[in-house]
Amino acid sequence: FGALDVLVNNAAEGGRGSLDSLTLEDWNALIETNATSIFLGVKACLPALRARPNASVINISSALSGLGAAFDPAYGASKGAVRAMSRSMAVYLAREGIRLNTIYPGNIRTAMFDRLWKDVEEAEIAAPVPLGRVGTPEDIAPLVVFLASDAAGYIVGAEIIVDGGEHLASAIWEQLAKRSSMVTR
């Protein structure tokens with residue numbers, strides 16, 4: 001219709017393997033799916049976003065974007081690229097009245113989650129999460145709706161982690177705490 005109120009970039013692929021098994025083809029596929037698609041999506045929608053006052057772009061990255069992901073370095077790198085790109089785009093687009101914000105989900109029960117973690121008990125995945133559970137799409141959707149709304153009209157460049165607090169828990173501290181008599185429950 002000539003204008004676009006909201007663009008949500010939610011591309012994700014993972015599970016290509018560790019550094020030893022990762023091929024250049026795998027690397028390029030993940031970068032293309034997880035990062036290049038966001039660049040192309042924003043670029044293609046830019047004229048329609050410019051036509052709508054207070055338009056909103058919401059990029060979905062990953063809580064792994066700022067961490068090491070030994071089991072899937074291409075995924076971590078591609079989502080890290082989304083983080084850096086989102087920061088740059090937020091500044092550029094804000095000058096035109098377009099708000100861009102980024103969400104960093106942790107483990108969210110999706111089809112990709114089910115495929116990647118099919119051989120792992122959910123309790124094991126949820127163990128390092130202070131809330132004690134894996135997230136759901138319903139944990140993310142209300143934030144997307146809020147960031148897309150006029151209620152978030154002055155929010156630009158926000159980076160919101162939605163992972164049940166997992167990013168706050170240190171794996172080393174947790175291991176020490178489990179062995180310590182100082183911690184009781």
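Strands β1 and β2 run parallel and are joined by four bridges; two strands count as paired if DSSP finds at least two bridges between them. Strands here are DSSP runs of E with at least two residues, helices are runs of H or I with at least four residues, and both are numbered from the N terminus. Within this pairing, Leu7 stands opposite Val57 in β2. To get from β1 to β2, the chain passes through helix α1 (residues 24-50), making a right-handed β-α-β crossover. Right-handed means that, with the strands pointing away from the viewer, the path from the first strand over the helix to the second runs clockwise.

A word on what you are looking at: this is a predicted model, in which local features need pLDDT of at least 70 and side-chain atom pairs count only at pLDDT 80 or more, while totals for chains, interfaces and linings use all residues. Residues are numbered from 1 along each chain as its sequence is written, and side-chain values use heavy atoms, with hydrogens and water left out.

Buried means under 20% relative accessible area, exposed over 50%, and partly exposed in between, using a 1.4 Å probe and protein chains only.

Beyond neighbours within four places in sequence, Ser56 is in contact with several residues, among them Val6, Leu7 and Leu147; contact means heavy atoms within 4.5 Å. A polar atom of the Ser56 side chain lies 3.2 Å from the backbone oxygen of Leu147.

Helix α5 (residues 137-148) also holds Val145. Val145 counts as exposed because its relative accessible area is 58%. The C-alpha atoms of Val145 and Ile58 are 9.8 Å apart, although the two residues are separated by 87 residues along the chain.

Elsewhere, the charged end of Arg83 sits over the ring of Tyr104, 4.6 Å from its centre. For this label, NZ of Lys or CZ of Arg must be within 6 Å of the ring centre and within 35 degrees of the ring normal.

Stepping back, the protein chain has six helices and four strands, in the order β-α-β-α-β-α-α-α-β-α. Of its 185 residues, 34% count as buried.

Key. A polar contact is a pair of N or O atoms within 3.5 Å; within protein, one must be able to donate a hydrogen and the other to accept it, and residues adjacent in sequence count only if both atoms are side-chain atoms.
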